[in-house]
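The following exercises are intended for a reader meeting this structure for the first time.

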Amino acid sequence: MSSTGTLFTVSAPSGAGKTSLVTALAERCEALQVSVSHTTRSQRPGEIYGTNYHFVSEKVFAEMLTRSEFLEHARVFDNLYGTSRIWVEQQLASGVDVILEIDWQGAQQIKQLMPASRRIFILPPSRETLQQRLTSRGQDDSVIIERRMSEAIQEMSHYRESDYLIVNDVFDQALEQLRAIITCQRLGTDKQSETQADLLRNLFS
């Protein structure tokens, strides 16, 4: 018997490495799907539609909002981001865990709508490391990088709202910690009572 999946939200400032961690986690964990958000942001070199994001116009995004197709949505850096409600609900109902890369505002909305969701926050080991990671991307000019740093400091202040906190200093260590969170949630008594229902029934019959 399969239990209902758990929705995990992963928040972090830009440059903290959450995308790399989530991608690596999805490759190592069974029954775990990464939600692909819709966004009005321009597609960057190397990004693939449907893999990194569903890139849509502001008009299409507004129409989806009107039809209540988003579980949550937010404006970040002058762009809109949203999570498909139907897709997430279908995955959870089938027993698959879902993980969302999302800003703290979105995670807050998700928690209000789905109290059983678990919030994970990822921090860089230092401000200097964060700035170095943002600069090494080679995608933004100095003005944008400074803006992202300012936004990152503000966003990091919301780490206390999460259920779990990971510092991404050594990547492999942070990845194992992230994986441990998923495993721990799956081994909770409520989850195991559903997953191991047949065994428990036989043990106590």
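**Exercise 1.** Is the crossing of α5 and α6 right-handed or left-handed? Describe also how the two helices meet.

*Solution.* The model is a predicted one, in which local features need pLDDT of at least 70 and side-chain atom pairs count only at pLDDT 80 or more, while totals for chains, interfaces and linings use all residues. Residues are numbered from 1 along each chain as its sequence is written, and side-chain values use heavy atoms, with hydrogens and water left out.

Step 1. Two packed helices are described by the angle between their axes and the distance between the axes. Helices (H or I, at least four residues) and strands (E, at least two) are DSSP runs, numbered from the N terminus. Axes are lines fitted to C-alpha atoms, for helices over the stretch in contact, and angles run from 0 to 180 degrees between N-to-C directions.

Step 2. The axes of helix α5 (residues 127-136) and helix α6 (residues 142-156) come within 10 Å, crossing at roughly 140°. The pair is therefore oblique; angles under 35 degrees count as roughly parallel, over 145 as roughly antiparallel, 65 to 115 as roughly perpendicular and the rest as oblique.

Step 3. The crossing of α5 and α6 is right-handed. A crossing is right-handed if the near helix is turned clockwise from the far one by less than a right angle, and left-handed if anticlockwise.

Step 4. Contact means heavy atoms within 4.5 Å. From α5, Arg-127, Leu-130, Gln-131, Leu-134 and Thr-135 meet residues of α6 that include Ile-145, Glu-146, Arg-148 and Met-149. By class, this contact of α5 with α6 has seven nonpolar, two polar and three charged residues. Ala, Val, Leu, Ile, Met, Phe, Trp, Tyr, Cys and Pro count as nonpolar, Asp, Glu, Lys and Arg as charged, and the others, Gly among them, as polar.

**Exercise 2.** Which residues of helix α3 are buried, and what covers them?

*Solution.* Step 1. Buried means under 20% relative accessible area, exposed over 50%, and partly exposed in between (1.4 Å probe, protein chains only). In α3 (residues 85-93), the residues Val-88, Gln-91 and Leu-92 are buried.

Step 1. Because their arc around the axis is only 95°, they lie on the same side of α3; the arc is that of the directions from the helix axis to the C-beta atoms. Ile-86 and Ala-93, on the other side of α3, are exposed.

Step 2. The cover over the buried residues of α3 includes β1 (7-11), β2 (32-34), β5 (70-76), β6 (79-84) and β7 (97-101).

**Exercise 3.** Where do Leu-178, Thr-9 and Ser-35 lie, and which residues does each touch?

*Solution.* Contacts with residues up to four places away in sequence are not counted for Leu-178, Thr-9 or Ser-35.

Step 1. Leu-178 belongs to helix α7 (residues 171-186). Leu-178 is buried because its relative accessibility is 0%, and it touches Leu-21, Leu-25, Ile-120 and Ile-166.

Step 2. Thr-9 is part of strand β1 and is buried, with a relative accessible area of 0%. Among the residues touched by Thr-9 are Leu-100, Ile-102, Ala-107 and Ile-120.

Step 3. Ser-35 sits in the loop between β2 and β3 (38-39) and counts as buried at 9% relative accessibility. The contacts of Ser-35 include Thr-83, Trp-87, Val-88 and Leu-100.
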